[in-house]
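Colleague: Can you walk me through this one? I'd like to hear about the contacts.

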Amino acid sequence: MTDMSEATPTPIGRRTVLIATGATAAAAAVGAAAPDAPTADTADTAPVAAAAVCTLTKEMTEGPYYLDGALVRADIRENKTGFRLDLALTVVDDDTCAVIPGALVEIWHADVLGEYSGYVGNNGHDEPDNGTFLRGGVLTDAGGVARITTVYPGWYRGRCVHIHVKVHTGVTLTSDGSFTGGSELHTGQLFFSETITARVGRLSPYAANTVTRTTLAQDSIYDDGGAASGLLTLTALGSSPSAGYTGTLTLGVER
């Protein structure tokens, strides 16, 4: 089934900022927490390691596969196969570039066959559907970092490989392992290197997904803006794609 509702991004109306990625992002976040942290106006005169180079970007469409009631948990894989993906997403305030601890970062994405929990069958596959696999989120730590373990996503007709993300603040954790209330500050998507995705897609279990894969360049949502458009910095965990990857990105949100 073609994901027609994602063909055109839906404007959400909030500003969001993506700072640097990878090691530079980590250094920027640390520097940003200091009282004299540089702003976008002074970044060009500050040392590169400490400068917070802020880039405004529009938010991305939520898409048709969101479900309320996601579990608060650091590992969302359940029994799903796929190459390990360890995400480290840093949340900062776009006005001050200070990290935001205690924000809930929620993600959801397709499995290796391109199916979303709660909507299995939309990509033409018949598999068990518990409505929770590859969905969940965690609170950012004192350094503003949310660490979530999942699998490298698969793909479905009409979209490149991606992960959906929301950032909430002021949530209340519930006795059933979920959350309620708070304010939704950001809705976006995370994207993957086309070179790495091509390598992953040639190997089992991803090779079993016979749906024609849409590339980054062909995608209707990704606008070739790099980190400013949600492109993750990926680092291999081993010599083979099957060993998995880490994925890092710093998200700036308007509180």
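Predicted model: local features only at pLDDT ≥ 70, side-chain atom pairs only at ≥ 80, totals over all residues.

Colleague: How many salt bridges does the structure hold?

Modeller: The structure holds 9 salt bridges. A salt bridge here is a side-chain nitrogen of Lys or Arg within 4 Å of a carboxyl oxygen of Asp or Glu. One of them joins Glu 62 and Lys 166, at 2.7 Å from N to O.

Colleague: Where do Glu 62 and Lys 166 lie?

Modeller: Glu 62 is in the loop between β2 and β3, and Lys 166 is in strand β7, so the pair ties together parts 104 residues apart in sequence. Strands are DSSP runs of E, at least two residues; helices are runs of H or I, at least four; both are numbered from the N terminus.

Colleague: Is Lys 166 buried or exposed?

Modeller: Lys 166 is buried, at 0% relative accessible area. Glu 62 is partly exposed, at 30%. Buried means under 20%, exposed over 50%, and partly exposed in between, with a 1.4 Å probe and protein chains only. Shared partners join Glu 62, Lys 166 and Glu 184 into one salt-bridge network.

Colleague: Which ring does Lys 166 lie over?

Modeller: Tyr 66, at 5.0 Å from the ring centre. The rule for a charge over a ring: NZ of Lys or CZ of Arg within 6 Å of the centre and within 35 degrees of the ring normal. The charged end of Lys 80 also sits over a ring, that of Phe 133, at 4.1 Å from its centre. Lys 80 meets Asp 111 in a salt bridge as well, at 3.0 Å from N to O.

Colleague: New topic. How many aromatic pairs does the structure hold?

Modeller: It holds 10 aromatic pairs. Rings of Phe, Tyr and Trp (its six-membered ring) pair if their centres lie within 6.5 Å; planes under 30 degrees apart are stacked, over 60 edge-to-face, and the rest tilted. Tyr 65 and Tyr 116 are stacked, 4.3 Å centre to centre with 25° between the planes. Tyr 116 is buried, at 2%. Tyr 116 also pairs edge-to-face with Tyr 156, at 5.6 Å and 70°.

Colleague: And Arg 73, what does its side chain make a polar contact with?

Modeller: The side chain of Glu 78, at 3.0 Å. The backbone oxygen of Arg 135 also lies 2.8 Å from a polar atom of the Arg 73 side chain. A polar contact is a pair of N or O atoms within 3.5 Å; within protein, one must be able to donate a hydrogen and the other to accept it, and residues adjacent in sequence count only if both atoms are side-chain atoms. Arg 73 is buried, at 17%.

Colleague: Last one. Which residues of helix α2 are buried?

Modeller: Ile 196, Thr 197, Val 200 and Gly 201. Down the axis of α2 they fall within an arc of 135°, so they line one face of the helix. That arc is taken from the directions from the helix axis to the C-beta atoms.

Colleague: What covers the buried residues of α2?

Modeller: The cover includes β11 and β12, with contact meaning heavy atoms within 4.5 Å.

Technical notes
Residues numbered from 1 in each chain as written. Heavy atoms only, no water.
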